[in-house]
Amino acid sequence: MLPVPPDDRPALRPWFDPERPGPLVFEQVLRSGVGNCWVDRLHEPRVVMAAAGGGNYALRGDPDAVAPDELAGIEGMVDAAPQWLPALRRSAPQTLVWDRVIATLPATAAMPPPHPAVRRLTPADAALLSALPADIAWVHETWGGVDEVLAAGVAHGALVDGAIVSVALPFYLGRAHEDLGVVTAAEHRRRGLSAACAAAVVADVRARGNVPTWTTSPDNAGSLAVARRLGFVHHDDDVLYAVRIPIPG
């Protein structure tokens, strides 16, 4: 696969149209500047691959146009049509299927009032955000890390006793949709902090004229409960492919 220079990446957008709720890997690469795009050939490509920060991939095109070794560098979650699964398994036989639920927020859904512990995070919060527990530090990976997401000004956090214990942000920033990422430290869950942080991000998303979306696993009861509390409604069921990594617990 051949890398595509940043200035040439917007020309690949038709491969990812129409934009749909869920994992907007390609748009996140364009808008964050973090990640890469590849094609199987520069003239009239048959396959396009995008990779956002944190090992989040999207594949489009003809899976028969690439050899298994051309997919050998994939290590992460892949958004792709079902016909890509055999090609991924030829490259990585243990590739797993991760069921996903995608929800959207109606324009009529009212958000709870601002929470006193929640505020927008700034570059001055770098040390606090870096101290997130390891199991939830993935939340800023599509932005390239702590410094990058804080510079973008898109994250909201809840602070308790001087520590950030919950964070929400657009995990994927698209042209018409933004898929939220929300995490809360285990000892601070069930206190409404995930919903409060997410509500603050929803206000930003709506101010940009976009539709907030929510993607999670059908067995993630906590995440589904927060989404319902905020008024998200089921849009679609989908899958991601876990390539050379386990499905998150």
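Buried means under 20% relative accessible area, exposed means over 50%, and partly exposed lies in between, with a 1.4 Å probe and protein chains only. The model is predicted: local features need pLDDT of at least 70, side-chain atom pairs count only at pLDDT 80 or more, and totals for chains, interfaces and linings use all residues. Residues are numbered from 1 along each chain as its sequence is written, and side-chain values use heavy atoms, with hydrogens and water left out.

**Exercise 1. Classify Gly53 as buried or exposed, and state what it is in contact with.**

Step 1. Locate the residue: Gly53 is in the loop between β3 and β4. Strands (E, at least two residues) and helices (H or I, at least four) are DSSP runs, numbered from the N terminus.

Step 2. Apply the cut-off. The relative accessible area of Gly53 is 9%, so Gly53 is buried.

Step 3. List the contacts, where contact means heavy atoms within 4.5 Å. Leaving aside neighbours within four places in sequence, Gly53 is in contact with Val34, Glu141 and Thr142.

**Exercise 2. Find which residues of helix α1 are buried and what covers them.**

Step 1. Helix α1 spans residues 25-32, and its buried residues include Val25, Phe26, Glu27, Gln28 and Val29.

Step 2. The cover over the buried residues of α1 includes β2 (36-39), β3 (47-52), β4 (56-61) and β9 (163-173).

Step 3. Take Glu27 of this helix. Its relative accessible area is 5%, so Glu27 is buried. Apart from neighbours within four places in sequence, Glu27 is in contact with Arg13, Glu19, Leu173, Gly174 and Arg175.

Step 4. Look past the end of the helix: Gly33 follows α1 and has a positive phi, near 75 degrees.

**Exercise 3. Describe the largest nonpolar core and state which element gives the most to it.**

Step 1. Define the set. A nonpolar core consists of buried Ala, Val, Leu, Ile, Met, Phe, Trp, Tyr and Cys residues joined through side-chain atoms within 4.5 Å.

Step 2. The largest core has 33 residues, and Leu129, Val149, Val167 and Leu169 touch the most other members. Two or more residues each come from α1, β2, β3, α3 (126-130), α4 (146-152) and β9. With six residues, β9 gives the most.

Step 3. Examine one member. Step 4. A second, separate core has 24 residues, including Val182, Ala198, Trp214 and Phe232. In soluble globular proteins, nonpolar side chains tend to be buried together.

**Exercise 4. State where the backbone has a cis peptide bond and which residues other than glycine have a positive phi.**

Step 1. Recall the background: most residues other than glycine have a negative phi, and most peptide bonds are trans.

Step 2. The bond between Asp17 and Pro18 is cis, with omega about -5 degrees. Pro18 lies in the loop between β1 (2-3) and α1.

Step 3. Glu44 has a positive phi, near 50 degrees, and lies in the loop between β2 and β3. Its relative accessibility is 55%, so Glu44 counts as exposed.

Step 4. Arg244 has a positive phi of about 65 degrees and lies in the segment after β12 (233-243). Its relative accessible area is 33%, so Arg244 is partly exposed.
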